Amino acid sequence: MSLMKLTQKDLLGIKELTVDEIQLILDTAESFIEVSTREIKKVPTLRGKTVINLFFEASTRTRTSFEIAGKRLSADTINISSSTSSVVKGETLIDTARNLEAMNPDVIVLRHSTPGAPHMLARLVQQSIINAGDGAHEHPTQALLDMMTVRIKKGRIAGLKVAIIGDITHSRVARSNIYGFQKMGAKVVVAGPATMMPRGIEQMGVEAFLHVEDAIKDADVVMMLRVQMERQQQNIFPSLREYSAYFGLNRKNLALANKDALVMHPGPMNRGVEISPDIADGTNSVILAQVTYGVAVRMAILYLLTGGQS
Amino acid sequence: MSLMKLTQKDLLGIKELTVDEIQLILDTAESFIEVSTREIKKVPTLRGKTVINLFFEASTRTRTSFEIAGKRLSADTINISSSTSSVVKGETLIDTARNLEAMNPDVIVLRHSTPGAPHMLARLVQQSIINAGDGAHEHPTQALLDMMTVRIKKGRIAGLKVAIIGDITHSRVARSNIYGFQKMGAKVVVAGPATMMPRGIEQMGVEAFLHVEDAIKDADVVMMLRVQMERQQQNIFPSLREYSAYFGLNRKNLALANKDALVMHPGPMNRGVEISPDIADGTNSVILAQVTYGVAVRMAILYLLTGGQS
Amino acid sequence: MSLMKLTQKDLLGIKELTVDEIQLILDTAESFIEVSTREIKKVPTLRGKTVINLFFEASTRTRTSFEIAGKRLSADTINISSSTSSVVKGETLIDTARNLEAMNPDVIVLRHSTPGAPHMLARLVQQSIINAGDGAHEHPTQALLDMMTVRIKKGRIAGLKVAIIGDITHSRVARSNIYGFQKMGAKVVVAGPATMMPRGIEQMGVEAFLHVEDAIKDADVVMMLRVQMERQQQNIFPSLREYSAYFGLNRKNLALANKDALVMHPGPMNRGVEISPDIADGTNSVILAQVTYGVAVRMAILYLLTGGQS
C-alpha cells in the first residue's frame with residue numbers, strides 16, 4: 001500500500017522528505033509526462049488555483065518550467081521578479097509574503113539567495129511554499145527531476161554509484177542530490193577543487209575526492225555542476241583553462257565511468273569549461289531529458305501540494 | 001432603488017465618483033470576496049476580455065492584485081512594465097496608448113509618475129482606463145479598498161474620525177482617501193511634518209495638525225502613510241530616527257485613539273519608521289485585510305467597467 | 001484551388017515565402033480580424049498549445065501583439081526577456097533554445113539582435129520558430145501586416161508604387177517589405193541619406209533615390225522608417241533637425257504622392273523627426289490599422305504553424 005499524499009504543506013528540501021514521499025512524487029511525475037506530449041497539453045486539475053512564482057534571482061529554466069507546469073494543469077500563474085517588485089522599496093521578505101498570502105494564492109514558488117528563506121515563509125503563511133533554490137542550501141525540484149531521470153533511464157536508483165563534480169561548497173544542486181540519492185539507496189561520491197570542497201563533507205555520508213578520475217571511476221551517473229563564473233574574482237580557482245583541464249568532463253575521463261553511464265548537468269552549461277561540448281551532446285548525455293522531466297516533476301508537486309489526491 | 005452601473009467608462013479618481021457610485025463599487029466588491037475563498041477561485045465573467053497592466057513605476061502589490069483580480073474573472077491579462085517597453089525607444093505615452101488601443105483590449109490599468117496621465121489617456125482612447133496611481137495625484141483603487149475595509153470592520157463609514165498621518169503633500173493615497181472618506185460622511189484629519197503638509201490643505205475640508213497626537217486623539221481609523229525613503233535626500237525631514245520619534249505610530253500614541261481603532265497602511269511598510277512592528281502586527285491592525293479586499297475591489301471595478309451589469 | 005498550409009514549420013523571413021503562402025497568411029488573417037471585435041474575444045483553436053515569446057531586445061508592441069494573439073486563440077503564453085533570463089549566466093542561445101524545446105512548447109517567437117538567429121534555431125529544434133525581428137535582417141510579421149493593411153485599404157497590392165523612406169541599411173522592416181511587396185507585384189522604391197543606403201540595393205530590384213521627393217512622387221504607399229536615435233552617435237547623420245528637413249514626411253512632400261496614398265509607419269514613431277505629427281494623425285495615415293491587423297496576422301501565423309488546417 002503506497003503513500004497517497006505528502007505529509008507537509010510545503011516542499012522545502014529533500015532533507016525533509018521520506019523515501020515514500022520521494023517515490024510518491026516520482027510516481028506522480030511519471031504519470032504527468034504524457035500530458036506534455038499530447039496534442040492538447042492541458043488538464044483541468046488545478047483550474048481556479050493561483051500559483052505565484054516569486055523569484056529574487058534571475059532564472060529562465062526554473063521559472064519557465066514552473067510556469068509551464070502550472071499552465072498545463074490549468075492554474076493561474078503570476079510572475080514576480082525582484083527587478084520589478086516592491087523589494088526596491090525596501091519591504092521585508094516577510095511582509096512581501098504576508099501580502100501575497102492575503103491575496104489567497106494556493107502556492108508560492110520562491111527562489112531567494114538566503115538559505116532558509118522558504119522555510120521561514122512556510123512557517124509564516126498558510127499557503128504551500130515550494131523552494132525553487134535558496135542560496136547554497138537546497139534546490140529540491142532539481143534533485144527530484146535528477147532522480148526521476150536516473151530512475152527512468154536506469155530503471156532504478158538503489159545500488160548505483162553517483163559522482164557529483166564541481167563546486168560542492170556553493171551548490172544547492174549538490175546538496176539536494178546528496179540527500180536524495182542517498183535516501184534512495186545510491187552511493188554518492190563527490191570531487192572538486194580543494195577550495196570548493198566543504199570541510200566535513202564526509203559527515204553527509206559521501207566519499208570526497210580531489211581528483212575527478214577517482215570519483216568518475218565505475219560511476220553509473222556523472223553529474224557536472226555549473227561553474228559560477230562570478231566566483232572567479234574570489235580566486236577560489238586559478239583559471240577557466242585550468243579548471244577545465246583538471247575538473248572538466250571529457251571523453252578521456254568519462255571513459256573511466258561505466259560504459260552506459262548517464263551524464264547530467266543542471267544547466268545552464270558552460271560548454272568547454274565544466275563539460276566538453278562533445279560530451280554534453282553525446283550519447284551518454286541525458287541533460288535535455290532532465291529538462292523535460294523537470295516540467296513533469298513540477299506538475300506533480302503542484303498537484304500533490306494542492307491536495308490533488310484528496 | 002440603488003445604482004446599477006458606473007456613469008463613466010473609466011476609473012480616474014475618487015474625486016470623479018458620486019456617493020452612489022462608491023457604494024455600488026463597495027457592494028459589488030463585497031459580493032466578490034467569496035470567490036477568492038472558494039476551492040476553485042474563478043468565475044467566467046470576463047472570459048474573452050483583455051486587461052492590460054501598463055506600469056511605468058515599480059509595483060508588486062498593485063500589479064499583482066490587478067492581475068489576480070483579472071485572472072479570477074477569467075480575463076486575459078497582459079503586463080507591460082516600463083523597463084521592457086518601447087518607452088526606452090522614446091515613444092510618447094499617447095502613442096503607446098493608441099497602439100494598445102488598436103489591439104482592442106477592454107481595460108488599460110495605468111500607473112504613471114505624471115499626475116493626470118490616466119485622465120489624458122481616458123480622453124484619447126475608447127477603452128476603460130483605470131488609474132493605478134498617477135504621481136502624487138490619486139490612487140482610487142487604494143482608497144476604495146480602504147473604505148471597503150472600514151465599512152466591513154466598522155459596519156459603517158459615516159460619522160467616523162479618520163486620521164491620515166505622514167507625507168500628505170506627496171501622497172496619492174492621502175488625497176484619494178480624503179476625497180473618499182469625506183464623501184462617505186467621515187471626518188478626516190491629517191498630521192505630518194510641516195514640510196510634508198500642503199499649503200491650503202484645509203480647503204479640502206480636513207483639519208491639519210503638526211503633532212500626530214492631536215490627529216490620533218479619538219480617531220476610529222489611523223492610516224499611516226509610507227515614508228518614501230528616496231525623498232530623504234531632499235532634506236524635507238532630518239532623519240528616520242527623528243521621523244519615527246515624532247510621526248511614527250506606536251503603542252503610546254495609538255492609545256489616544258478609540259480603543260478599537262483600525263490601524264491601516266497602504267504598504268509597503270517601513271517597519272520601525274512610520275509604524276512600530278508591534279502595532280503593524282497588533283490586534284488593531286487591518287493591514288492584511290486591506291490587501292485581501294484589494295483583490296475584491298479590483299474585481300468589482302473590472303466587472304463594472306466592462307459592462308458587467310448590462 | 002488555393003493553398004491550404006505552409007510548407008515550412010517556421011516563419012523565418014518573407015524571402016522564404018511563396019506568393020501562395022503570403023496569400024494564405026493574409027486570407028487567414030482577414031478571417032481572424034473579427035475575433036478581436038467580438039464581445040468575447042477568444043476562440044478555443046490553440047487550447048493546450050504553448051507559445052514562448054523569447055525576446056532578447058526590448059519591445060512593447062511586437063511582444064504584446066504576439067501575446068494577445070496567442071491568448072485570443074486560447075494558447076498558453078510564456079514571456080522570457082533577456083533581462084531576466086539565463087543569458088546573464090552566459091548560456092548560449094543554442095542551449096537556451098534546446099532547453100526550451102525540451103519543455104515541449106509548440107511555437108517559439110524569437111527576437112534577437114543577430115541576423116540569422118531564428119534560422120539557426122529552426123534547424124536545431126523541432127518546434128516552430130517565428131522570427132520577430134533578427135538584427136537588420138528580417139521582420140516578417142511586420143511586412144505581412146503591412147501587406148495586409150495595403151490589401152485591405154487599397155483592395156490590391158499588385159501594380160501599386162510603394163515608397164520606403166529612411167535608414168534602409170539598418171532596417172529589417174525595409175528588407176522584409178521589399179521582399180514582400182515585390183513578390184506581390186508592387187513596385188518598390190526607397191529613399192534615404194546616402195549613409196543609410198546599402199550599396200547594391202538596386203540588385204534587390206528596387207529603385208533608390210537620395211531625395212525623398214523622387215521616391216514619394218506618385219506613390220500609392222509611403223512607408224516611413226523609424227530613426228534609431230541610438231545611431232546618432234555614429235555620425236551617420238548630422239542632426240535630427242536636418243534629418244527631419246530632408247527626409248521627414250510632411251504635408252508638402254506627401255502632396256507629391258497620389259491623393260489617397262497610404263501613410264505607414266512600423267512604430268514606435270519619433271514625431272517631428274521622420275514624420276510630422278499632422279501627417280501621423282492625418283487622413284492618409286493607416287498607422288493604427290497596421291497595429292490592429294498585426295494581431296490578426298500573428299493569430300493567423302500561430303494558427304497555420306500549429307497545423308490549424310489539418
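In the predicted model, the axes of helix H5 (residues 140-154) of chain A and helix H11 (residues 287-305) of chain A come within 8 Å and cross at roughly 115 degrees. Axes here are lines fitted to C-alpha atoms, for helices over the stretch in contact, and angles run from 0 to 180 degrees between N-to-C directions. Helices (H or I, at least four residues) and strands (E, at least two) are DSSP runs numbered from the N terminus. The crossing of H5(A) and H11(A) is right-handed; a crossing is called right-handed if the near helix is turned clockwise from the far one by less than a right angle, and left-handed if anticlockwise. On the side of H5(A), the contact (heavy atoms within 4.5 Å) involves A:Thr141, A:Gln142, A:Leu144, A:Leu145, A:Asp146, A:Met148, A:Thr149, A:Ile152 and A:Lys153. These residues meet A:Ala289, A:Gln290, A:Tyr293, A:Gly294, A:Ala296, A:Val297, A:Arg298 and A:Ile301 in H11(A). The contact of H5(A) with H11(A) comprises nine nonpolar, five polar and three charged residues, where Ala, Val, Leu, Ile, Met, Phe, Trp, Tyr, Cys and Pro count as nonpolar, Asp, Glu, Lys and Arg as charged, and the others, Gly among them, as polar.

This is a predicted model, in which local features need pLDDT of at least 70 and side-chain atom pairs count only at pLDDT 80 or more, whereas totals for chains, interfaces and linings use all residues; side-chain values use heavy atoms, with hydrogens and water left out. Residues are numbered from 1 along each chain as its sequence is written, and chains are lettered from A and ligands numbered from 1 in the order in which they are written.

In chain C, the axes of helix H5 (residues 140-154) and helix H11 (residues 287-305) come within 8 Å, with a crossing angle of roughly 115 degrees. The crossing of H5(C) and H11(C) is right-handed. Residues of H5(C) in this contact include C:Leu144, C:Leu145, C:Met148 and C:Ile152, while those of H11(C) include C:Tyr293, C:Val297 and C:Ile301. Nine nonpolar, five polar and three charged residues make up the contact of H5(C) with H11(C).

The relations between chains were examined by superposition (least squares on the C-alpha atoms of residues with pLDDT of at least 70 in both copies). Chain C is superposed on chain B by a rotation of 120 degrees with 0.0 Å of shift along its axis, giving an RMSD of 0.0 Å. These two copies are thus related as by a three-fold rotation axis.

Over all chains, a search of the whole structure finds six aromatic pairs. Rings of Phe, Tyr and Trp (its six-membered ring) pair if their centres lie within 6.5 Å; planes under 30 degrees apart count as stacked, over 60 as edge-to-face and the rest as tilted. The rings of B:Phe32 and B:Tyr303 have centres 5.4 Å apart and planes at 80 degrees, so this pair is edge-to-face. The pair links distant parts of the chain, with B:Phe32 in helix H1 (residues 19-33) of chain B and B:Tyr303 in helix H11 (residues 287-305) of chain B, 271 residues apart. Both B:Phe32 and B:Tyr303 are buried, where buried means under 20% relative accessible area, exposed over 50% and partly exposed in between (1.4 Å probe, protein chains only). In chain C, the ring centres of C:Phe32 and C:Tyr303 are 5.4 Å apart and the planes lie at 75 degrees, so the pair is edge-to-face. C:Phe32 belongs to helix H1 (residues 19-33) and C:Tyr303 to helix H11 of chain C, 271 residues apart. C:Phe32 is buried at a relative accessible area of 9%, and C:Tyr303 is buried at 19%.

Helix H1 of chain B also contains B:Glu21, which counts as buried at 2% relative accessibility. The C-alpha atoms of B:Glu21 and B:Thr7, 14 residues apart along the chain, are separated by 8.2 Å.

Most residues other than glycine have a negative phi, and most peptide bonds are trans. The peptide bond from A:Gly267 to A:Pro268 is cis, with omega near -15 degrees; A:Pro268 lies in the loop between strand S9 (262-264) and helix H10 (277-280) of chain A. The bond from B:Gly267 to B:Pro268 is cis, with omega near -10 degrees. B:Ser74, although not a glycine, has a positive phi of about 70 degrees and is found in the loop between helix H2 (61-72) and strand S2 (76-81) of chain B. B:Ser74 counts as buried at 14% relative accessibility. C:Asp218, also not a glycine, has a positive phi of about 65 degrees and lies in the loop between helix H7 (212-216) and strand S8 (221-224) of chain C. C:Asp218 is partly exposed, with a relative accessible area of 42%.
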